[in-house]
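The following dialogue asks how the words used for a structure follow from values and definitions. Please keep the sequence and the model in view while reading.

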Amino acid sequence: MSSTKSFDEFYNSELEGCLFPLETYRKKVAKTGIAGFILAALSIFLFFVSSADDVGITSVFAVISLITAAVFFIVSYYRKKEYVASFKESIVRRVISFIDPSLHYSPSTSVSRKDYDISGLFLQRPDRYKGDDYIEGTRDRTFFSFSELHTEEQVSNGKTTSWVTIFKGLFFIADFNKNFQGRTYVWSENNPQLNFFTKIFSSVAWNLEKVSLESVEFERKFVVYSTDQVEARFILTPSLMERLVKLEQMMGAGTSFSFVNTNIYVAVPIKDKLFEPNVYSPNDYLTIKDYYKTVHIVFDIIDELKLNDRLWGKE
């Protein structure tokens, strides 16, 4: 793990120079987008002041402004895509390689829908699934992968249709340090998907039983369901429960865990895009340092849960 000082040296020697041409292009993209917003606002104003029964010069200018705004928005959209792609290749890839050259980074892919479903962390099946910034690698003896994910459910009331977020944030998978056969889920106590109906009928619908554990602090924060009560206690030892509580404090409320197919899955809700540069403000040292910290969040998960401590014959 690199020190703060070495990151500063890395930033000054390898990143700062790369940011200058990207910053020039970012300003160009931002100006195009701002021009589109101004023209769109102007067209709305002109439509508002023009008389409904008088198609005069004001209405003509309003239409011209609206068409021009649409052109600017389209140009801005494609320029932004180009800028983001260039930024990730020039900056984010370098940061990840600096942390660990063996890490594999794929900006345009994500954790697979299959792995998301296998985790069982979300009871609703998403109608829209997207993500990016996939990273995988090995930390000591533990293979891991993660990416940003945004999953949504389509909701309709018969008249209107809308998209409701199921999960948005960092989705992490790693090889757990024990062998097990069943499925165990650790959800935050206030998880919205664990409503009264779910809690009552989970044993029938998903072959799960609620597991009561001895840690008062853990039970205050989490609710546990499993296909095997004994195995759940085998996984959730007192020391692991203590570490999960600490990890939830580090990552934030709503962090959830599952233990399936000898893997651990962790879903960390995060509102912001993980490795996405801002088009309308400079991407400076602090922005880049946040990317560096994001990768170390995953290392913190592995280290805090002691996944490299192989137990009970796990290799």
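Q: What makes a run of residues a helix here, and where does Glu219 lie?
A: A helix is a DSSP run of H or I with at least four residues, and helices are numbered from the N terminus. Glu219 lies in helix α5, which covers residues 216-221.

Q: How many helices and strands does the protein chain have?
A: This is a predicted model. Its protein chain has 8 helices and 9 strands. The C-alpha atoms fill a box of roughly 80 × 60 × 30 Å along the principal axes.

Q: Where in the protein chain is confidence lowest, and where is it highest?
A: Confidence is lowest in helix α4 (residues 196-205), with a mean of 57, and highest in strand β1 (residues 104-106), with 96. For the protein chain the mean pLDDT is 86, and 91% of the residues reach 70 or more. Where pLDDT is low, the predicted coordinates should not be read in detail.

Q: Why is Glu219 called partly exposed?
A: The relative accessibility of Glu219 is 31%.

Q: Which residues are in contact with Glu219, once its neighbours within four places in sequence are left aside?
A: They are Glu189, Val211, Ser212 and Leu213. Contact requires heavy atoms within 4.5 Å. As for Val245, which is 26 residues apart from Glu219 along the chain, the two C-alpha atoms are separated by 9.7 Å.

Q: Why is Thr255 called buried?
A: The relative accessible area of Thr255 is 0%. Buried means under 20%, and therefore Thr255 is buried. Its place is in the loop between α7 (238-251) and β8. Leaving aside neighbours within four places in sequence, the contacts of Thr255 are Ser188, Phe222, Glu248, Val266, Ala267, Val268 and Pro269.

Q: What share of the residues in the protein chain is buried?
A: Of the 315 residues in the protein chain, 44% are buried.

Q: What makes strand β5 mostly covered?
A: In strand β5 (residues 183-188), 5 of the 6 residues are buried.

Q: How do you know that β5 pairs with β8 and with β7?
A: Two strands pair if DSSP finds at least two bridges between them. β5 and strand β8 (residues 256-260) have 4 bridges, while β5 and strand β7 (residues 222-226) have 5. The sense is antiparallel for β5 with β8 and also for β5 with β7. Thr184 stands opposite Phe259 in β8 and opposite Ser226 in β7.

Q: In what sense do β3 and β4 pair, and over how many bridges?
A: β3 and β4 pair in the antiparallel sense over 13 bridges. Glu148 stands opposite Leu170 in β4. The hairpin of β3 and β4 has 4 residues between the strands, and in this hairpin Gly158 takes a positive phi near 95°.

Q: Which residue in β9 stands opposite Gly169?
A: Gly169 stands opposite Pro269 in β9. β4 and β9 pair over 7 bridges in the antiparallel sense.

Q: Which residues lie nearest the centre of the largest pocket?
A: Phe122, Ile166, Asn191, Pro192 and Pro269 lie nearest its centre, among 16 lining residues. The elements that give two or more residues to this lining are β4 (161-175) and β9 (263-269). β4 gives the most, with 4 residues. The lining divides into 7 nonpolar, 8 polar and 1 charged, and about 330 Å³ of space lies in the pocket.

Q: Why is Asp140 called exposed, whereas Lys306 is called partly exposed?
A: Asp140 has a relative accessible area of 61%. Exposed means over 50%, so Asp140 is exposed. Lys306 has a relative accessible area of 42%. This value lies between the cut-offs of 20% and 50%, and therefore Lys306 is partly exposed.

Q: Where do Asp140 and Lys306 lie, and what is the phi of each?
A: Asp140 lies in the loop between β2 (128-139) and β3 (142-156), and its phi is near 60°. Lys306 lies in the segment after α8 (285-304), and its phi is near 55°. For Asp140 this is a positive value in a residue other than glycine, and for Lys306 it is likewise positive in a residue other than glycine.

Terms used
Residues are numbered from 1 along each chain as its sequence is written. This is a predicted model: local features need pLDDT of at least 70, side-chain atom pairs count only at pLDDT 80 or more; totals for chains, interfaces and linings use all residues. Side-chain values use heavy atoms; hydrogens and water are left out. pLDDT is the predictor's confidence in each residue, from 0 to 100. Buried means under 20% relative accessible area, exposed over 50%, partly exposed in between (1.4 Å probe, protein chains only). On a 1 Å grid over the protein atoms alone, a cavity is a set of points where a 1.4 Å probe fits but cannot get out, and a pocket is an open set with protein on both sides within 12 Å along at least five of seven lines; lining residues have an atom within 4 Å of a point. Grid points are joined across faces, edges and corners, and a volume is the space filled by probe spheres set on the points. Ala, Val, Leu, Ile, Met, Phe, Trp, Tyr, Cys and Pro count as nonpolar, Asp, Glu, Lys and Arg as charged, and the others, Gly among them, as polar.
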